Protein chains: 2
Amino acid sequence: MKCILNVSFCLGLLLTSAVIAADEYPSYSLASSDAYDFSRIEAYTGKHEGVYAHIDKNLEGHFKNLQRWVSQPSISAQNIGITEMAELLRDDLAAIGFSETTLVPTSGHPGVWGYYDAGAEKTLLVYMMYDVQPVNEDDWESPPFEGKLVDRDFGRVMMARGATNQKGPERAFLNALDSIIKVNGTLPVNLMLLAEGEEELGSPHYPELVDVYEQRLKTADGVLFPFNSQNLNGELTVLLGVKGILYWELESKGGAWGGPGRSEIHGSYKAVVDSPAQRLISAIASMTSADGNTILIEGYYDDVKPPTVEESMLINTMGKDWSGEDWKKGLSLSKFIHGLEGQAALMRYLYDVTLNVDGIWSGYTGEGVKTILPHIATAKMDSRLPLGVDPDTQLARIRKHLDDSGFSDITIRKLSGYPAAQTSVGAPLVLAAMGVFSKWASIDNVMPRIGGSAPFYQFTERLGLPLVFNGLGHGTGAHGPNEYMLIYPAKGSSIAGLADIEKSYVDLLFALAKPAQD
Amino acid sequence: MKCILNVSFCLGLLLTSAVIAADEYPSYSLASSDAYDFSRIEAYTGKHEGVYAHIDKNLEGHFKNLQRWVSQPSISAQNIGITEMAELLRDDLAAIGFSETTLVPTSGHPGVWGYYDAGAEKTLLVYMMYDVQPVNEDDWESPPFEGKLVDRDFGRVMMARGATNQKGPERAFLNALDSIIKVNGTLPVNLMLLAEGEEELGSPHYPELVDVYEQRLKTADGVLFPFNSQNLNGELTVLLGVKGILYWELESKGGAWGGPGRSEIHGSYKAVVDSPAQRLISAIASMTSADGNTILIEGYYDDVKPPTVEESMLINTMGKDWSGEDWKKGLSLSKFIHGLEGQAALMRYLYDVTLNVDGIWSGYTGEGVKTILPHIATAKMDSRLPLGVDPDTQLARIRKHLDDSGFSDITIRKLSGYPAAQTSVGAPLVLAAMGVFSKWASIDNVMPRIGGSAPFYQFTERLGLPLVFNGLGHGTGAHGPNEYMLIYPAKGSSIAGLADIEKSYVDLLFALAKPAQD
């Protein structure tokens, strides 16, 4: 059986006739054969020389603001420095001139609210996270909470936990505000800012923060999440959305159905004792075709929104010279599933409802031989959910599938779940952002969504606002050691340094205030 | 579908129609409806009062011999005290009067050989192990390498690593030899003794020891493994055999077939990246029916020897009032597989070729949410093999099954493998032993085999000798903390203490020398 490599999805290839027959994988057709020509986006032409000069003149102080932020640890998972960082953010907003600044209690770590009243027609909502991932200090070449400058081929970077995820770009954005206000007396747009201290925990209480300000937030014209999006070539891929996610654990253990009720019984009893480990394995195997790639849970693909005209045009543009070779190299892959290539692989990435085993464990996992029949087995699993697919509906389908397959005793523990989020490329805020990006950098692609997840549905679905989570600048190492953000690019670099990043945020606010004009 | 509960095996019950159809589970019929009446076994009537008196008189010294042995750590897995213990055993044999005593090098820990020439007609081969399991000292109520006496309801026990597995019964046997020789000047039978220091490692080099003495060993009349077999009621189940075992690891990782070549890629790439974890799960699931109890590997049940007349008679005897309730209680089971009860469950236990997952692990197994697509997944598995089933033949069938099912990239690592072993209840050594057991205790059952494994095939299959691995005495905790052997039973106890254990070994040697006579 050979898979036809075009944008219609291939049948889930069967590895063998000896194993489960796969249902047909759903087929999606593009709704347009036209391409979206983002190279024709007009670069923003506004010039705000006074503000730019203020930035250049105060760049060292601006950099020190970034250093001050990353020097304050704020590890949400370990509850280290959370209140201190929330207060630091609040006080910085007050110092810049926000008229409302307050900590907002939640069931978890507090949020921070700020409002800047410019008396303007347009209002921008800014999403921020002030928490960071834990660190293993021994792995770092520079202390993670000092923000020292470190030399790289492409320039001098600030190395610190939170450098790029997300304190660096966030404080760069505030520097830009400060310079505008210092030079012009006020901002070109009103600003709402609603920050959380639990992004690294999956934003479990951000909805509570939105609850408090919901009516005001809905009046905004769009949402910005300051972000370093440039790669080492200075190129920037504009991302318009994210998939949702459902994350759960499955657990099988001995009980009324059978299996041992105590741990580590002798393996020879398998002759007369049911195995919770094999039961969990059978249950997971029953969820997909034998190759793990076509989901057999009834209805699991039903709600995926097929490609819109806009998405189709973006895909036609991006897909025509997208080989996926960079991805294969980065992921150390010999091939994509089913041997998919190019646009077919891209379509699958964008529209697939996934079912993934993040982890599984049971019984003896040490060296050598130990013969036991484990009494409990557990797996962590996740599904990425394209637009249209609701996590709790999927959870119910999984439950029904297990019940219908005779696994009603297997426990499902939901650990996280939220739907997808996507913004139209035609939203004024997106157009303004792309104009600014085109001025300062090279847009290499516009993707309707990425396969990863973030709880942006709070903005796009709940508040109905367009969201931009891209920006100038470069950084990496978000969850690992030696996280950095480029501050001073080497001569000839195409990447924006701190000064240009701040200038691009200046441009963005003016562009949003007066679309497509200076 | 209802399962008829008789000695013919039931069909592998399908949990559901939504999952893999199970092949029919093989059906075995008993070859006789007669019962084996072991209550008619005549108790050994020989009386060796002089030797018994010597034992009673020297009991404190005999107990000190046990203490001396358990005080010498000999942890094979950690190579602690191995040579010291081997030398201690060798020197004890020499002290008792063995004419040949020597350490025997192997590729691993050395063996110990001893020969006692009594000029007798009959020769007994004694198997011993001188190694013990590791200890976690903190878990013990008495130091594991001192052998202190500790009070229990049923008497005073010696608590130590190796107390019952296997130094206690072994040194008790040597005490018996010593008393016979001291009183009579020689033994009633010749003795060969071939001990290993790697039993707890799965006896990987015992075949090398047999290589050295094979021709002489074959001239023996049977093999004894000194053993504490009595339960707390003083009853003893005579065990005639063990299953063989195949133990292996399965590993799936990213490679030419697909999947990531590096660790912890982002879980969202599941849309286009094959999952080694799901691949391993599919492969394991493909090996059995969905309930994990009927093996679908071609030929896997083919070689099982159906019940012989002798086995059938033993089963008819044991099975008629065997409810399995004790097992269910001990294993914390609500029910056996397929709801089997009584003799049907017993048959399954005795004749099943098992397939068990001893352990499985892949990806993230910590608290909370981490979304990765693991690049490697591993499982430990074992099969218990009844008589007739060869481990390497089964290994080849597993390999072929994986290859035929499209999983040729999945690695199999064999960690252990040897065939079953069984002795006829009619062997003179077994009859002699049962006569002695009947004198000192109550035989509650004779089982043709247990579901567990030991490499006794070296004796039964390779050397063609009957093997007895039962004896008077009680102990437990073999691989855990607070291992003990009962030394001085409480008044009224039906369990043999050290003195009676030694006397029973005296009887056994004389019974073997002159079957069914005094």
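This is a predicted model: local features need pLDDT of at least 70, side-chain atom pairs count only at pLDDT 80 or more; totals for chains, interfaces and linings use all residues.
The buried residues of helix H9 of chain A are A:Gln343, A:Ala344, A:Ala345, A:Leu346, A:Met347, A:Arg348, A:Tyr349, A:Leu350 and A:Tyr351. Here a residue is buried if 20 or more other C-beta atoms lie within 10 Å of its own, exposed if 12 or fewer, and partly exposed in between, with C-beta atoms placed from the backbone. Helices (H or I, at least four residues) and strands (E, at least two) are DSSP runs, numbered from the N terminus.

Residues are numbered from 1 along each chain as its sequence is written, and chains are lettered from A and ligands numbered from 1 in the order in which they are written.

In chain B, helix H9 (residues 342–351) holds B:Leu350. Is B:Leu350 buried or exposed? B:Leu350 counts as buried, because it has 24 C-beta neighbours inside 10 Å. Leaving out residues up to four places away in sequence, B:Leu350 touches B:Pro448 and B:Arg449; contact requires C-beta atoms, placed from the backbone, within 7 Å. From B:Leu350 to B:Asp56 the separation is 294 residues in sequence and 41 Å in space, C-alpha to C-alpha.

I turn to the relation between the chains. Chain A can be laid on chain B by a turn of 180° and a shift of 0.1 Å along the axis, with an RMSD of 0.1 Å. The two copies are thus related as by a two-fold rotation axis. In chain A, A:Trp361 has the C-alpha nearest that axis, 2.2 Å from it. The superposition is by least squares on the C-alpha atoms of residues with pLDDT of at least 70 in both copies.

Strand S11 (residues 356–363) of chain A and strand S11 (residues 356–363) of chain B pair in the antiparallel sense over 5 bridges, where pairing requires at least two DSSP bridges. Within this pair, A:Ser362 stands opposite B:Ile360.

The nonpolar core comes next. A nonpolar core is a set of buried Ala, Val, Leu, Ile, Met, Phe, Trp, Tyr and Cys residues joined through C-beta atoms within 7 Å. The largest one has 306 residues, and those touching the most other members are A:Leu125, A:Ile284, A:Leu509, B:Leu125, B:Ile284 and B:Leu509. Not counting residues up to four places away in sequence, B:Ile284 touches A:Ile281, B:Leu250, B:Val357 and B:Ala379.

Finally, the domains. An automatic or database domain assignment supplies the bounds: in chain A, domain 1 is 49–240 + 423–513 and domain 2 is 244–304 + 353–418. In chain A, 5 residues of domain 1 are in contact with 5 residues of domain 2.

Notes:
Two residues are in contact if their C-beta atoms, placed from the backbone, lie within 7 Å.
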